[in-house]
Amino acid sequence: MRRDRGQLVLRLVVALGGGGLLCLAFPSFDVWVVAPFAMALLAWSATGLGARRGLLAGVLFGLAFFVPTLSWSGIYVGALPWLALATLESLFVGMAGALYGWLSRAGRVRPLAFALVWVVTEGFRARAPYGGFPWLKLAFSQADSPVGRLVALGGAPFVGFVIALVGGLLALLAHRLLTAGHHRSGMPWRPLALPFAAALGLTVAGLAVPLPTDGQAAQFLGVQGNVPRAGLDFNAQRRAVLDNHVAATWQAQADIEAGLAPTPDLVVWPENASDIDPVRNADAADEIAATVSRLGRPLVVGGLLEEPPGQVSNVSLLYEPDKGITDSYVKRHPVPFAEYIPNRAFFRIFSAEVDRVSRDFVAGPSVGVFDVVGTAGQQIRAGVAICFEVAYDDIMRDAVTAGANVLLVQTNNATFGFTAESAQQLAISRVRAMEFGRSIVHVSTVGQSALITPDGTAHQVTSLFTQALVQGALPLRDATTVATRVGESPEWAAAAGLVLLLLLRVRSSGSGPDPQHRRDDSTADSTDVSTEDKEAHDRDAA
């Protein structure tokens, strides 16, 4: 019994270490290679634990990962929202631990089962509750890795599947290495070579995926106007924010007129560049109109509209010279607890901070694609995403399937200060560029902003809380990637595969006791030799 408890404690410590290790894969550390090793630690720690203790291992892994990586969410609103969000996200990893712990009750490492469980539970996390929070999907740590290139074939879920599968294979390799230590004769090389070769092959397979960057070029200018100060009260000086973007744009136009910079085909301001409603306030309307007139080119403005009555709309507005506003996009996925408060009366019981959001933002009804003709006659069809929408697979894919040949990501990171949030968001945009084969103009009020080519390379990355411009040519592309065409199919395939495994496990459980279960399978020692490994060892030894 004491040995079983010691093994359980060891497993839980390994799970905590795995979650902490996974933090290093994401910005601002960007050590992408640790992601499969972190997943290997989760797989090893949960193998053979059963559902109940697998749940505990998963939650601990999740807390060690989400608490530090989401620390930006509490920088100005306190620890309660941050820890509540991290705990909620950790419960989904706990679900993964429970499912995999039950599927592996016989004490065998099962890499495929582990990968399927991860994809399915990550898919749940991206959708629930209140539309989900897919911000730290495993794929978003892989913008610089060979595995990340696989996003063009099956989207973020496929990349997550491959990383989890590699992690499961590494866990199997570790299991067999530990098993070899229990035999005086050791273990033949073959049971070790197979999982190692498979893991290595999957890791480098993405190098074979082409990421073309051809296409007719268009000139873009993104304006990072900066804000008076960081924090939740940045828009208390919202006129200063608007003035900053106007001034930076006029300076850019002066350089253009002096021949120091190319004429842009489209100019982009970030989210919240005009929190003064330019439809209902003449001062804001006049400033923007004068800027568009000076530019002589279309301008996309991120702003807020005081509509519908009693609510607010987070919008992207297309201004054209001599025409005014010719198109608009309303954010389709307002952020719960930031832009609207679901079940307000209930959550007020826990914190009066919910009333900081005095008016709820409404959700937009349709996909945003702005049609603009470039100076050389290029047809620019710019798909729009506002802030956290870049993390949602369907919102980004909808813009591409609606005809976008370039994507605009307008964001405001002022409320997160000098944290990793902005870098994490830029990494997501880079993955999206590879996924859909589209250039992206990623523009923030305070940084980081960049121009991103379809191969995921970020150009002219700006610093935080400085006034800056990103300007240059980006290719316009109409070709669709495999990931765009298959849509959600990889997730549905993973769900079907997991259901099949669960049914087979139920059937095998009902056919008679497993010899492995003569002891308490929930505390099974992962260093014990499984039946499969014993057979492989005996066969190879013979």
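Tutor: In this predicted model, residues 24 or more positions apart account for 70% of the contacts in the chain with a separation of 6 or more. The elements that make up the chain are 15 helices and twelve strands, and with a radius of gyration of 26 Å, close to the 24 Å that the globule rule gives for 542 residues, the chain is therefore as compact as a globular protein of that length. Along the principal axes, the C-alpha atoms fill a box of roughly 85 × 55 × 35 Å. The accessible surface of the chain comes to about 21,200 Å², and carbon and sulfur atoms contribute 60% of that area, while the charged side chains number 42 positive and 47 negative, with the centres of the two sets lying 11 Å apart.

The part to examine closely is helix H12, which runs over residues 421-436. Its 16 residues reach 23 Å from the first C-alpha to the last, a span close to the 22 Å expected at 1.5 Å a residue. Of the 542 residues of the chain, 56% count as buried, a class that requires under 20% relative accessible area. In H12, 16 of the 16 residues fall into that class, so the helix is largely enclosed by the rest of the structure. Just after H12 comes glycine 437, whose phi is positive, at about 65°.

Notes. Residues are numbered from 1 along each chain as its sequence is written. This is a predicted model: local features need pLDDT of at least 70, side-chain atom pairs count only at pLDDT 80 or more; totals for chains, interfaces and linings use all residues. Side-chain values use heavy atoms; hydrogens and water are left out. Helices (H or I, at least four residues) and strands (E, at least two) are DSSP runs, numbered from the N terminus. The radius of gyration is taken over C-alpha atoms; the globule rule is 2.2 Å times the number of residues to the power 0.38. Buried means under 20% relative accessible area, exposed over 50%, partly exposed in between (1.4 Å probe, protein chains only). Contact means heavy atoms within 4.5 Å. Accessible areas come from the Shrake-Rupley method with a 1.4 Å probe; for residues, only the protein chains shown count as cover. Lys and Arg count as positive and Asp and Glu as negative; His and the chain ends are not counted. The place of a charge is taken as NZ of Lys, CZ of Arg, CG of Asp or CD of Glu. The expected span of a helix is 1.5 Å times one less than its number of residues.
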